[in-house]
There are 2 protein chains.
Amino acid sequence: MPKDADPRECSVADTLDLVGERWSLLVIRELSYGVRRFDQIVHNTGASRDILTSRLRKLEANGIIRRERYSDHPVRYEYHLTPAGVELCDVLLVLMRWGDRHLHPDDPPVRWQHSCGETVSPVVVCGHCGKEARVGAHSPTGRGARTS
Amino acid sequence: MPKDADPRECSVADTLDLVGERWSLLVIRELSYGVRRFDQIVHNTGASRDILTSRLRKLEANGIIRRERYSDHPVRYEYHLTPAGVELCDVLLVLMRWGDRHLHPDDPPVRWQHSCGETVSPVVVCGHCGKEARVGAHSPTGRGARTS
DNA sequence: AATGTGGGTTGTGTTTTCCAACTTGGTGAT
DNA sequence: ATCACCAAGTTGGAAAACACAACCCACATT
């Protein structure tokens, strides 16, 4: 870090410290699709095996995924999302929506069907009033809120 | 990429190719706070100057930010979000919510006030029916939808 | 004349990542 | 019993990315 830096206190940065490295969010994506095995995650993401090992260990250490033994002889494991990991799927949905709109406007690679019967088109709203929410629409307050 | 890999077609992966490298989302965060100057972005993120230059160029090349000359003598630039960049702020909001809940449960570093008067507590909902949406709740369809 | 400012670029290490090949403890087929 | 195969990693060596201080340039200020 440059010695004159004074990074903003920020939950975005703190979350990215846990899941912001290359491949981590794609691992969570695979688990959200129900993929559980090491080799399948390699195959579906393109991560190299050593890096995948290190990402899985870090996600596990931070309570985002869980490793479960499904065979004793030989010892074999599979991976699952924890409740905290399931919550991170919201991030995937919003990233997917942006990519669908801006990079694949005519044919989204994947659609998720919602319980209402329609294809999910995720929108971020304020939990209190239900209307659309977006950073920048109003001014921030708190320890990390400086605007210069 | 390992030669047996066959990465899933996926808008999440495609979006992360544009903004998933270290610092890129924090640059967008700074612009969403109204910070415009190179040195301020360095100061508030902790990115090194050379890497920041490369991130800014890439984000600009992909239409997420815009560089604007605000002085001719000497030549000076400042950075702004494009409409596509503003849409990416949804991702920040959802990352922030996760970090607030899981890493700072008692004192979120930043609060954004919504037009309804309350602090924004972002929720991802289905754009059709308005109810909560989450990847994994139903099964995916499309080219990238395999579940093994 | 000296210092400061904004937006970079350069040089030189250090750290990460990449990828094939290998390992380990087993199973099933010949 | 030997051979191939499987899953879940680990290892070694090369390539790429990153970090950071120092420098640069065209001004403006003191």
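The model is a predicted one, and in it chain A is superposed on chain B by a rotation of 180 degrees with 0.0 Å of shift along the axis, at an RMSD of 0.1 Å. That is the relation of a two-fold axis, and the C-alpha of chain A nearest to this axis belongs to Val124(A), at 2.3 Å from it.

**Contact between the protein chains**

- The contact draws 82 residues from chain A and 83 residues from chain B.
- On the side of chain A that touches chain B, at least two residues each come from helix 1 (11–19), helix 2, helix 3, helix 5 (83–102), strand 3 (111–112), strand 4 (122–126) and strand 5 (140–141) of chain A.
- Helix 5 of chain A provides the largest share of that side, with 15 residues.
- Sorted by class, the side of chain A that touches chain B has 40 nonpolar, 27 polar and 15 charged residues.
- Strand 4 of chain A and strand 4 (residues 122–126) of chain B run antiparallel and are joined by five bridges, and in this pairing Pro122(A) has Cys126(B) as its bridge partner.

**Surface near DNA strand C**

- There are 22 residues around DNA strand C, and those that come nearest are Ser48(A), Lys3(B), Arg37(B), Phe38(B) and Asp50(B).
- The residues of the surface near DNA strand C comprise 11 charged, eight nonpolar and three polar.

**Surface near DNA strand D**

- Around DNA strand D there are 21 residues, of which Arg37(A), Phe38(A), Arg49(A), Asp50(A) and Ser48(B) come nearest.
- At least two residues of this surface are supplied by each of helix 3 (38–45), helix 4 and strand 2 (76–81) of chain A, and likewise by helix 4 of chain B.
- The surface near DNA strand D is made up of 11 charged, seven nonpolar and three polar residues.

**Packing of helices 2 and 3 in chain A**

- Helix 2 (residues 24–32) of chain A packs on helix 3 of chain A at an angle of about 115 degrees, with the axes 10 Å apart, and the crossing is right-handed.
- Leu26(A), Val27(A) and Glu30(A) of helix 2 meet Ile41(A), Asn44(A) and Thr45(A) of helix 3, a contact that by class has three nonpolar, two polar and one charged residues.

Note on methods
Residues are numbered from 1 along each chain as its sequence is written. Chains are lettered from A and ligands numbered from 1 in the order in which they are written. This is a predicted model: local features need pLDDT of at least 70, side-chain atom pairs count only at pLDDT 80 or more; totals for chains, interfaces and linings use all residues. Copies are superposed by least squares on the C-alpha atoms of residues with pLDDT of at least 70 in both. A residue is near a molecule or strand if its C-beta atom, placed from the backbone, lies within 6 Å of it. Ala, Val, Leu, Ile, Met, Phe, Trp, Tyr, Cys and Pro count as nonpolar, Asp, Glu, Lys and Arg as charged, and the others, Gly among them, as polar. Helices (H or I, at least four residues) and strands (E, at least two) are DSSP runs, numbered from the N terminus. Axes are lines fitted to C-alpha atoms, for helices over the stretch in contact, and angles run from 0 to 180 degrees between N-to-C directions. A crossing is left-handed if the near helix is turned anticlockwise from the far one by less than a right angle, and right-handed if clockwise. Two residues are in contact if their C-beta atoms, placed from the backbone, lie within 7 Å. Two strands pair if DSSP finds at least two bridges between them.
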